[in-house]
Amino acid sequence: MLTPPCINAVIDKYRNLIYAIAIGVVNDAHLAEDISQDVFERLIKNADTVLKLEEGRQKAYITTVAKNRAIDVSRKEQTQLKLIDKIKDITFVGMDSMVEYTFSDEYGFSLEVGELIDKLDDLERDIIMFKYGYGYTLRTIADLLGQRERYIYYKSKTAHDKLCKAIVGGGTNNE
């Protein structure tokens with residue numbers, strides 16, 4: 001896609017302002033550069049609209065785009081940091097001991113259920129732990145485990161079905 005020469009002039013004119021807005025929101029030079037590039041791409045994509053605006057409105061439009069993009073990135077970064085902190089807390093204790101701890105009588109699960117859960121594959125066990133032990137949503141679990149939400153749903157259902165079958169049947173069939 002060819003960039004109209006006039007939009008390059010607009011980008012050059014507001015480059016420092018866009019970066020200043022981004023750095024003010026995210027307080028990280030690398031993220032501010034990435035945000036600036038995203039804003040430049042959006043301005044190029046919407047060049048017809050941007051170029052039709054009078055200067056005052058043009059500046060307002062550009063600063064709004066920059067501010068909104070910076071806020072979006074900042075929120076995403078904060079969410080990722082929270083997830084990383086949760087993972088650190090969990091991995092510090094250790095997944096094996098976490099299964100016993102999470103599914104003990106204190107949390108409403110008998111030792112027998114904990115033993116059945118222990119017979120699930122690692123991913124199914126982690127999903128059950130996060131979903132029922134911590135109350136995480138499938139979306140959060142997918143983010144934590146780096147999987148698609150639909151796949152986590154499928155594995156959650158599979159684990160649930162295995163547990164139900166084992167409880168009703170008096171044992172586990174880990175197929």
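This is a predicted model: local features need pLDDT of at least 70, side-chain atom pairs count only at pLDDT 80 or more; totals for chains, interfaces and linings use all residues.
In soluble globular proteins, nonpolar side chains tend to be buried together. In this model the largest nonpolar core has 22 residues, and the members that touch the most others are I7, I18, I35, V39, L43 and I62. At least two residues of this core come from each of four helices: α1 (5-26), α2 (29-45), α3 (47-52) and α4 (55-93). The biggest share, eight residues, is given by α1.

S36 is a residue of helix α2. Is S36 buried or exposed? Its relative accessibility is 2%, and buried means under 20%, so S36 counts as buried. When residues up to four places away in sequence are not counted, S36 touches I18 and Y19. A20 is 16 residues from S36 along the chain, and the C-alpha atoms of these two residues are separated by 9.3 Å.

There is also a second, separate core of nine residues, which includes F130, Y136, L138 and A142. Two of these residues, F130 and Y136, are both buried. A pair of aromatic rings is described by the distance of the centres and the angle of the planes. The model has one aromatic pair. Its rings belong to F130 and Y136, with centres 5.7 Å apart and planes at 20 degrees. Planes under 30 degrees apart count as stacked, and therefore the pair of F130 and Y136 is stacked.

Notes:
Residues are numbered from 1 along each chain as its sequence is written. Side-chain values use heavy atoms; hydrogens and water are left out. A nonpolar core is a set of buried Ala, Val, Leu, Ile, Met, Phe, Trp, Tyr and Cys residues joined through side-chain atoms within 4.5 Å. Buried means under 20% relative accessible area, exposed over 50%, partly exposed in between (1.4 Å probe, protein chains only). Contact means heavy atoms within 4.5 Å. Rings of Phe, Tyr and Trp (its six-membered ring) pair if their centres lie within 6.5 Å; planes under 30 degrees apart count as stacked, over 60 as edge-to-face and the rest as tilted.
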